[in-house]
Amino acid sequence: GRVDLVALLDASDEELLRDFGHFYLPRRRPAILRRNALVALGNGGGPEHVPVVGSYLTDPDWVLRLHAAWALGALGGSVAHRELKVAAAHEGDARVLDEIEAALR
C-alpha cells in the first residue's frame, strides 16, 4: 500500500498509534514513524516537501531535527538552503548542527 508521508508527519501521536500501531515501533514511539517519513521524503520527495520537512528543524526531538536536516540537504534548493541556515543559527545540539552543516555542503 501507499502512505501519505505528509499526512503522517502532520498526524498527532494518537493518530499515528491508532493507524500504524500494528507496525513494530520500539517503545511505541511515533517519532520512529516520523523519522522514517523524513528519510523517505529525503530519498524521493520534491521541492513541494521542503515546508513540511523544514518544520521538523524545530522539533523538540533532536533525532527528528537531525533527519529533517539530512532530508532538506537531499531535497536541495534555495528554500531548503535558507531553512538550514536559519536552523544552524539556533541549533544547540552538536549532532544536529553537524548534520545541518553537512546538508549545507
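## Helix 5

Helix 5 has 14 residues, and its first and last C-alpha atoms lie 20 Å apart, close to the 20 Å expected at 1.5 Å a residue. The expected span of a helix is 1.5 Å times one less than its number of residues. Helices (H or I, at least four residues) are DSSP runs, numbered from the N terminus. This is a predicted model: local features need pLDDT of at least 70, side-chain atom pairs count only at pLDDT 80 or more, and totals for chains, interfaces and linings use all residues. Residues are numbered from 1 along each chain as its sequence is written, and side-chain values use heavy atoms, with hydrogens and water left out.

Which residues of helix 5 are buried? They are Leu64, Arg65, Leu66, His67, Ala68, Ala69, Ala71, Leu72 and Leu75. Buried means under 20% relative accessible area, exposed over 50%, and partly exposed in between (1.4 Å probe, protein chains only). The cover over these buried residues includes helix 3, helix 4, helix 6 and helix 7.

## Helix 5 against helix 7

The axes of helix 5 and helix 7 come within 8 Å and cross at roughly 5 degrees. That makes helix 5 roughly parallel to helix 7. Axes are lines fitted to C-alpha atoms, for helices over the stretch in contact, and angles run from 0 to 180 degrees between N-to-C directions. Angles under 35 degrees count as roughly parallel, over 145 as roughly antiparallel, 65 to 115 as roughly perpendicular and the rest as oblique.

On the helix 5 side, the meeting residues are Trp62, Arg65, Leu66, Ala69, Trp70 and Gly73. Helix 7 brings Arg95, Val96, Glu99, Ile100 and Ala103. Contact means heavy atoms within 4.5 Å. By class, this contact of helix 5 with helix 7 has seven nonpolar, one polar and three charged residues. Here Ala, Val, Leu, Ile, Met, Phe, Trp, Tyr, Cys and Pro count as nonpolar, Asp, Glu, Lys and Arg as charged, and the others, Gly among them, as polar.

## Helix 3 against helix 5

Helix 3 and helix 5 have axes that come within 8 Å and cross at roughly 10 degrees. Helix 3 is therefore roughly parallel to helix 5. Helix 3 contributes Ala31, Arg34, Arg35, Leu38, Val39, Leu41, Gly42 and Asn43 to the contact. Helix 5 contributes Val63, Leu64, His67, Ala68, Trp70, Ala71, Ala74 and Leu75. These residues divide into eleven nonpolar, three polar and two charged.

Helix 3 has 15 residues, which should span 21 Å at 1.5 Å a residue; its end C-alpha atoms are 21 Å apart, which agrees. Pro30, Ala31, Ile32, Leu33, Arg34, Ala37, Leu38, Leu41 and Gly42 are buried in helix 3. The buried residues of helix 3 pack against helix 1, helix 2, helix 4 and helix 5.

## Alanine 31

Alanine 31 sits in helix 3 (residues 30–44). Alanine 31 counts as buried because its relative accessibility is 14%. Beyond its neighbours within four places in sequence, alanine 31 is in contact with Asp61 and Leu64. Arginine 82 is 51 residues away along the chain, and its C-alpha atom is separated from that of alanine 31 by 25 Å.

## The nonpolar core

Nonpolar side chains tend to be buried together in soluble globular proteins. A nonpolar core is a set of buried Ala, Val, Leu, Ile, Met, Phe, Trp, Tyr and Cys residues joined through side-chain atoms within 4.5 Å. In this model, the largest nonpolar core has 30 residues, of which Leu9, Leu38, Val53, Leu57, Leu72 and Leu84 touch the most other members. At least two core residues come from each of helix 1 (5–10), helix 2 (13–20), helix 3, helix 4 (50–54), helix 5 (62–75), helix 6 (78–90) and helix 7 (94–104). Helix 5 gives the most, with seven residues.

Not counting residues up to four places away in sequence, leucine 9 touches Arg34, Ala37, Leu38, Leu41, Val52 and Tyr56.

Histidine 49 lies in the loop between helix 3 and helix 4. Is histidine 49 buried or exposed? Histidine 49 counts as buried, at 15% relative accessibility. Histidine 49 touches Val6, Leu41 and Leu75, not counting residues up to four places away in sequence.

Arginine 28 is in the loop between helix 2 and helix 3. Its phi is near 50 degrees, a positive value in a residue other than glycine. Arginine 28 counts as partly exposed, at 47% relative accessibility. Leucine 17 belongs to helix 2 and is partly exposed, with a relative accessible area of 25%. Leaving aside neighbours within four places in sequence, leucine 17 is in contact with Leu25, Arg28 and Pro30. Leucine 17 and proline 30 are 13 residues apart in sequence and 6.7 Å apart in space, C-alpha to C-alpha.
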